[in-house]
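Reader: Let's talk this one through from the model itself. Please start with whatever terms I'll need.

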Amino acid sequence: VKLMLGDKEVAQWLGMDTAPPPNGWEKVDFDDVGWNRKPLSDPDSPWVGLLCLRGRFKVEDPERVKNLRLRVAYRGGVVVYLNGKEIARGHVRKETGRDGLAEDYPEEDFSQERNLGDVVIPPGMLRKGVNVLAVEVHRSAVATSTLKVVERVTAFDGGGADGFGRD
């Protein structure tokens, strides 16, 4: 995969192609047995163009979960999915594919953290049982920028969190 800025090649990613995630990786029924299961470290690398993260949580009674919100801090851009459906997008154009780059920063501000705050998770999208929150983190196109792993993904329920828990 080559990183291009206009017609100019800026870098070749590790000298090899890396396959994009399989279709449906963000859905509940995706088999993620082969995915890494360990604490996430920050690659802070210009060689990482896309990072796909998944987390599962259980909802015992979706009707009892009220005012569930999500906050995400990142560098580059993000697309957030709940149970396979997009619920939020920050600094990644709709027409950008999975292997596309996030919107540019001004070159002097490439290291600035971006935020996607207080995203309301639609109660009607929660399922009884296992739910999946999936996040795509895209690197921006500024040649000197690096992808910043999602620093904080915080979900909170203003109505009492007894309706959901970790899977």
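Author: A residue is buried when its relative accessible area is under 20%, exposed when over 50%, and partly exposed in between (1.4 Å probe, protein chains only). This is a predicted model, so local features need pLDDT of at least 70 and side-chain atom pairs count only at pLDDT 80 or more, while totals for chains, interfaces and linings use all residues. Residues are numbered from 1 along each chain as its sequence is written, and side-chain values use heavy atoms, with hydrogens and water left out.

Reader: Is Leu-133 buried or exposed?

Author: Leu-133 sits in strand β8, residues 129-138; helices (H or I, at least four residues) and strands (E, at least two) are DSSP runs numbered from the N terminus. Its relative accessible area is 16%, so Leu-133 is buried.

Reader: How many residues along the chain separate Leu-133 from Glu-26, and how far apart are their C-alpha atoms?

Author: Leu-133 is in β8. Along the chain, Glu-26 is 107 residues away, yet the two C-alpha atoms are separated by 7.6 Å.

Reader: And where is Val-130, and how far in space is it from Lys-58?

Author: Val-130 is in strand β8 too. At 25% relative accessible area, it counts as partly exposed. Val-130 and Lys-58 are 72 residues apart in sequence, and their C-alpha to C-alpha distance is 4.4 Å.

Reader: Zooming out, how many helices and how many strands does the protein chain have?

Author: Reading along the sequence gives the pattern β-β-β-β-β-β-β-β-β-β. The tally is 0 helices and 10 strands.

Reader: What share of the contacts with a separation of 6 or more comes from residues 24 or more positions apart?

Author: Contact here means heavy atoms within 4.5 Å. Of the 167 residues in the protein chain, 40% are buried. For contacts with a separation of 6 or more, the share from residues 24 or more positions apart is 80%.

Reader: Which residue in the hairpin of β5 and β6 takes a positive phi?

Author: β5 (residues 77-82) and β6 (residues 85-90) pair in the antiparallel sense over 5 bridges; two strands pair if DSSP finds at least two bridges between them. Val-78 stands opposite Gly-90 in β6. The hairpin has 2 residues between the strands, and the one with a positive phi, near 55°, is Asn-83.

Reader: Which residues form the aromatic cluster?

Author: Rings of Phe, Tyr and Trp (its six-membered ring) pair if their centres lie within 6.5 Å; planes under 30 degrees apart count as stacked, over 60 as edge-to-face and the rest as tilted. That rule gives 3 aromatic pairs, among them the edge-to-face pair of Trp-25 and Tyr-81, 6.1 Å centre to centre with 80° between the planes. Trp-25 is in the loop between β2 and β3 while Tyr-81 is in strand β5, so this pair ties together parts 56 residues apart in sequence. One aromatic cluster is made up of Trp-25, Phe-30, Trp-35 and Tyr-81.

Reader: Which residues does Asp-32 touch?

Author: Asp-32 lies in the loop between β2 (8-12) and β3 (50-59). With a relative accessible area of 7%, it is buried. Not counting residues up to four places away in sequence, Asp-32 touches Arg-37, Arg-54 and Arg-56.
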